[in-house]
Amino acid sequence: MFGIDRLRRRLPTKVAALLVAVPVIGAASMAVAGQIASPSSVQVTNLLKTRLPKTQLSQVNCEKVHGLCEVTAGSNLFYVDAGARYLIIGRVYDMETRQDLTAARLLEINPDMLVGGAAKANAAAAEGGGDAEGAIAPTPGKVQKTSVPTRPAVLSLDGLPKDGAIVWGNPAGETVTVFTDFRCGYCRALTNVLRGMNVRVVERPISVLGSRDIADRVYCAKNREEALHAAYAGEPFKGGASCNTSGLDANEAFAHKHGLSGTPVIVRADGAMLEGYRPKEFLQSWIKGGRS
């Protein structure tokens with residue numbers, strides 16, 4: 001094979017010049033691509049200060065999750081892309097290590113915080129017509145914390161019709177009612193926990209995050225329990241023909257009346273209520289009537 005110098009002597013001057021320039025252009029392109037793939041935390045921070053001037057940023061880290069920058073603002077956590085154009089409120093799950101990176105980070109930021117509190121941020125963003133800053137900005141001079149309540153609130157389920165409920169689990173187990181949203185990551189996590197417990201679950205979908213279309217399909221499915229778990233997993237399922245979904249309307253009216261603006265909301269048989277995700281050990285004690 002010809003060496004590069006020998007090849008240049010056999011080609012016209014202009015062609016030889018282009019041949020030498022190609023590797024340089026390629027190297028420059030690779031450098032630019034590297035900058036895009038690994039955005040500077042400082043650059044993203046400066047962009048966010050311009051685009052979210054009311055949000056007091058605590059830290060921006062663009063090294064933890066490839067292609068995303070993790071942003072903390074007080075006890076709040078969200079993500080943005082390399083150009084700080086798209087803001088993402090939700091969970092990041094590592095499918096290789098099977099680890100919920102967002103939940104772990106939230107607990108690291110504030111071990112006492114209620115992990116499910118991010119559901120309220122999602123709800124605020126959805127109801128605010130895209131005003132994401134209003135959903136994530138902490139109160140000036142005050143770190144927002146959503147602590148596990150020493151005593152749960154009480155929520156009477158009287159007035160809710162039998163319709164609108166998707167019942168699954170152990171028919172003979174203790175009953176727990178959950179107001180849920182199929183686009184809520186913490187609802188999915190809670191459902192997976194409840195599947196491993198010997199309880200009877202009554203799920204009442206409410207469309208906090210615009211999931212009414214999914215709720216209708218699940219409710220009208222021939223096998224609602226199977227459709228419910230498939231919907232949470234993002235798997236396809238048969239929704240069946242259209243059916244009477246007035247029970248879902250009743251769920252949403254009830255949630256609006258009682259100020260249930262975030263999901264999940266867990267209600268015990270005696271009416272004791274908790275907002276947000278809880279781990280299995282906590283739920284096992286609480287559902288049996290133990291202190292929360």
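Which strands do the buried residues of H3 pack against? Hold that thought for a moment, everyone.

Quick housekeeping. This is a predicted model, so local features need pLDDT of at least 70 and side-chain atom pairs count only at pLDDT 80 or more, while totals for chains, interfaces and linings use all residues. Residues are numbered from 1 along each chain as its sequence is written, and side-chain values use heavy atoms, with hydrogens and water left out.

The buried residues of H3 are Val44, Thr45 and Leu48. Seen down the helix axis, they fall within an arc of 105°, so they line one face of H3. That arc is taken from the directions from the helix axis to the C-beta atoms. A handy reminder: an α-helix has 3.6 residues a turn, so residues three or four places apart point the same way. On the face turned away from the buried side, you'll find the exposed residues Val42, Gln43, Lys49 and Thr50. Buried here means under 20% relative accessible area, exposed means over 50%, and partly exposed is in between, using a 1.4 Å probe and protein chains only.

And the answer to my opening question: the buried residues of H3 pack against S1, S2 and S3. Contact itself means heavy atoms within 4.5 Å.

Two strands pair if DSSP finds at least two bridges between them. S2 (residues 69–73) and S3 (residues 76–80) are joined by 5 bridges, and Thr72 stands opposite Leu77 in S3.

On to the other sheet. Here we have 6 strands, ordered S7-S12-S11-S9-S10-S8, in an open sheet with mixed pairing. Its edge strands are S7 (153–154) and S8 (166–169), each pairing on one side only. Let's look at S9, residues 174–180, where 5 of the 7 residues are buried. S9 runs parallel to S10 (residues 199–205) over 7 bridges, and Thr175 has Arg200 as its bridge partner in S10. With S11 (residues 265–268), S9 is antiparallel, joined by 4 bridges; there, Val176 stands opposite Arg268.

S9, helix H7 (residues 185–195) and S10 also make a right-handed β-α-β unit. Right-handed means that, with the strands pointing away from you, the path from the first strand over the helix to the second runs clockwise.

Last stop, the largest nonpolar core. It has 50 residues, and Phe179, Phe182, Leu194, Val218 and Leu283 touch the most other members. A nonpolar core is a set of buried Ala, Val, Leu, Ile, Met, Phe, Trp, Tyr and Cys residues joined through side-chain atoms within 4.5 Å. Apart from it lies another core, of 11 residues, including Val60 and Cys69. Thanks, everyone!

Terms used
Helices (H or I, at least four residues) and strands (E, at least two) are DSSP runs, numbered from the N terminus.
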